[in-house]
Amino acid sequence: MQNLAYNPGVHPKGGGLPGLDVLKNVMGSINLFGIIATVGALALSALIWAWGHHSGGHQAEQNGKKGTVVAAGCALLLGAANGIVTFFSAMGTQVH
C-alpha cells in the first residue's frame, strides 16, 4: 500500500527568527492593554445597567447587562489566551 500523505516535518522552534522576544513583549503588552480596556468597559456597562434600572430605562438596562456579559467574556478570553492556544496546539500535535 502506498502512503500518499507527506509529512513536511515542520515544528515550532523558539529562537528561529530574530525579534521573537520583541514580538512576545508586544503581544503581552497588547494583551495587557485589552485587559485594562475590558475593566473600563465592564465598569461603564455596570454603570449603564444600574442607571437604566433606577431610571426605568429598560433598553438601557438591557444594554448594560449585555455589555457586562460581553466584557466578562472578553476578560475570560484575554486571561485564558495562552492556555487556549497551548491546549489547541497540543491537540494539533496529536493529529496524524
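Is Glu61 buried or exposed, and what is its relative accessible area? In this predicted model, Glu61 is buried, with a relative accessible area of 12%, which falls under the 20% cut-off for that class.

## Overall architecture

The chain holds three helices and zero strands, and its elements follow one another along the sequence in the pattern α-α-α. Its radius of gyration is 22 Å, well over the 12 Å that the globule rule gives for 96 residues, so the chain is more spread out than a compact globule. The C-alpha trace spans about 70 × 40 × 15 Å along its principal axes.

Of the 96 residues in the chain, buried residues make up 10%. The accessible surface of the chain comes to about 8,100 Å², and carbon and sulfur atoms account for 70% of that surface.

Side chains of opposite charge can pair when their charged atoms come close. The count for this model comes to one salt bridge, which Glu61 forms with Lys65, the closest N and O atoms being 4.0 Å apart. Because Glu61 and Lys65 are four residues apart in helix α2 (residues 58-79), about one helical turn separates them. The two partners fall into separate accessibility classes, since Glu61 is buried at 12%, whereas Lys65 is partly exposed, with a relative accessible area of 29%.

## A nonpolar surface patch

Val22, Leu23, Val26, Met27 and Ile30 make a nonpolar surface patch of about 450 Å². Among these residues, Val22 has its place in helix α1 (residues 20-55), and Val22 counts as exposed because its relative accessibility is 55%, over the 50% cut-off for that class.

Key. Residues numbered from 1 in each chain as written. Predicted model: local features only at pLDDT ≥ 70, side-chain atom pairs only at ≥ 80, totals over all residues. Heavy atoms only, no water. Patch = residues over 30% accessible without salt bridge, like charges linked within 9 Å, V, L, I, M, F, W, Y side chains within 5 Å. Areas by Shrake-Rupley, 256 points an atom, 1.4 Å probe, with all protein chains shown as cover. Salt bridge = Lys/Arg side-chain N within 4 Å of Asp/Glu carboxyl O. Helix = DSSP H or I, 4+ residues; strand = E, 2+ residues; numbered from the N terminus. Buried < 20%, exposed > 50% of the residue type's maximum accessible area, 1.4 Å probe, protein only. Rg over C-alpha atoms; globule rule 2.2 N^0.38 Å.
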